[in-house]
Amino acid sequence: MSRTRTALPLPRLLLRLLALCAVLLGFTAVPGAGRAHAAPAFKVLAFYDGTYDAAHISFVHEANQWLPQAAAQNGFSYTATNDWNQLNTANLANYQVVLFLDNYPQTAAQRSAFQTYMNNGGGWMGFHVSAYNDQTPSDWSWYHETFLGTGTFQSNSWGPTSETLKIEDRNHPSMAGLPATITSSVSEWYSWHNDLRQNPDIDILASIDPSSFPVGTDPNQTWYSGYYPIIWTNKNYKMLYANFGHNAMNYDTNTALSSTFASAQQNQFLIQGLKWLGGAGSTTPPGGGNPPTGAITGYGGKCVDVAGANSANGTAVQLYDCNGTSAQSWTVGTDGTIQSLGKCLDVAAAGTANGTKTQLYDCNGTNAQKWTAGANSTLVNTGSGKCLDATGPSSANGTRLQIWSCSGGANQQWHLPS
């Protein structure tokens with residue numbers, strides 16, 4: 001027996017279709033329903049021109065695709081702009097890290113704002129042409145001579161090539177877990193007038209390994225020997241410079257023939273470097289959970305501070321006006337360590353004498369880096385049995401922290417993050 005289907009009246013049909021849509025939309029929305037978006041661990045602001053040399057323009061476009069994805073995967077935010085007037089003090093206060101993709105500030109106001117930002121503990125990463133300068137003397141002495149240390153451009157290799165890089169400082173947080181050598185992405189490489197090895201403020205993190213020679217494909221622009229730093233930091237600032245950022249190109253068709261982000265090991269440096277610059281490099285203690293992280297306040301209401309926001313071994317730990325920078329962000333581990341900028345609060349040379357200074361140093365598990373809570377809000381060093389103490393006592397900016405026999409005085413009282 002055949003049965004005929006009665007058509008639904010149009011209003012009822014519409015209602016059922018709307019209901020079905022609501023159900024389907026509801027199912028797709030459930031995973032995110034009511035979920036609060038976590039605040040980014042830090043915020044990155046990238047500046048670029050994107051107007052000169054197809055190879056540089058290709059890198060800028062690629063960076064502005066790759067970096068937002070990396071940010072989403074690693075818990076930070078990424079904003080890019082070609083308006084260099086956004087490089088001002090009020091705007092920079094909203095960001096922990098600044099990137100220069102293909103240029104550097106050109107006006108006095110931009111330069112002043114950037115220099116102040118860096119002097120106050122801001123983070124910076126620059127790529128390839130952001131260090132280029134062929135003027136003698138340079139048009140911005142602080143940037144080229146003091147900050148980067150390079151002086152003027154000397155030569156470049158050609159054409160763009162992938163090279164073996166020797167990791168010079170495997171203890172730097174940006175190089176954590178990398179092998180002794182890595183393979184770079186393809187790039188044109190610059191050399192400089194100044195020998196960075198002679199600058200005590202510069203820590204060279206990676207250089208071209210001798211096994212890479214010759215470097216280049218044009219016999220007239222090929223390097224056959226020499227020392228060529230590729231990645232470095234200035235110990236007085238929270239900064240990283242990377243000499244790569246120039247893709248190989250077919251200039252006739254404006255087609256990229258390589259990718260700056262093709263090297264997984266180089267990308268590892270980039271992510272770890274950005275996290276270090278943004279102050280997000282602390283590790284979770286054994287047992288899971290989030291360790292207490294934040295400012296440690298002490299004598300005179302001042303904060304425990306890493307001098308110059310410098311993560312180099314031996315950097316002084318001091319008192320300073322609280323400013324909310326990563327140099328004053330400390331993680332209290334369940335293993336007794338107190339860490340900032342990826343390193344540990346350490347008693348110099350594992351000393352036990354009154355007056356032995358504290359410093360930042362690679363975490364090594366020794367008792368010189370273990371601290372316990374004592375009476376009257378003191379912090380007792382396990383190795384010496386003595387208390388963390390503000391020298392003097394003084395609360396002046398720059399007052400060094402030391403160990404001293406525990407007295408319970410105000411200069412030995414500390415308030416830890418909770």
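**Notebook: disulfides in the predicted model**

I searched the whole structure and found three disulfides. I counted a disulfide as a pair of cysteine sulfur atoms within 2.5 Å. This is a predicted model, where local features need pLDDT of at least 70, side-chain atom pairs count only at pLDDT 80 or more, and totals for chains, interfaces and linings use all residues. Residues are numbered from 1 along each chain as its sequence is written, and side-chain values use heavy atoms, with hydrogens and water left out.

**Entry: pairing order**

I numbered the bonded cysteines in sequence order. The pairing reads 1-2, 3-4, 5-6.

**Entry: Cys303 and Cys322**

I looked up the sulfur atoms of Cys303 and Cys322. They sit 2.0 Å apart and form a disulfide. The link is right-handed, with 100 degrees about the S-S bond. Cys303 lies in strand β15 (residues 303-306), while Cys322 is in the loop between β16 (315-320) and β17 (330-332), so this pair ties together parts 19 residues apart in sequence. Strands here are DSSP runs (E, at least two residues), numbered from the N terminus along with helices (H or I, at least four).

Next I checked burial. Buried means under 20% relative accessible area, exposed over 50%, and partly exposed in between (1.4 Å probe, protein chains only). Cys303 is buried at 2% relative accessibility. Cys322 is partly exposed, at 42%.

**Entry: Cys344 and Cys363**

I then turned to Cys344, which a disulfide joins to Cys363, with S to S at 2.1 Å. The torsion about this S-S bond is about 100 degrees, so the disulfide is right-handed. I placed Cys344 in strand β19 (residues 343-347) and Cys363 in the loop between β20 (358-361) and β21 (371-373), so the pair ties together parts that are 19 residues apart in sequence.

Which side of the burial cut-off does Cys344 fall on, buried or exposed? I have Cys344 as buried, with 0% relative accessibility.

**Entry: Cys387 and Cys406**

My last pair was Cys387 and Cys406. Their sulfur atoms are 2.0 Å apart, and they form a disulfide. I noted 100 degrees about the S-S bond and a right-handed link for Cys387 and Cys406. The pair links distant parts of the chain, 19 residues apart: Cys387 is in strand β23 (residues 387-390), and Cys406 is in the segment after β24 (401-404). I logged Cys387 as buried, with a relative accessible area of 1%. Cys406 counts as partly exposed, at 41% relative accessibility.
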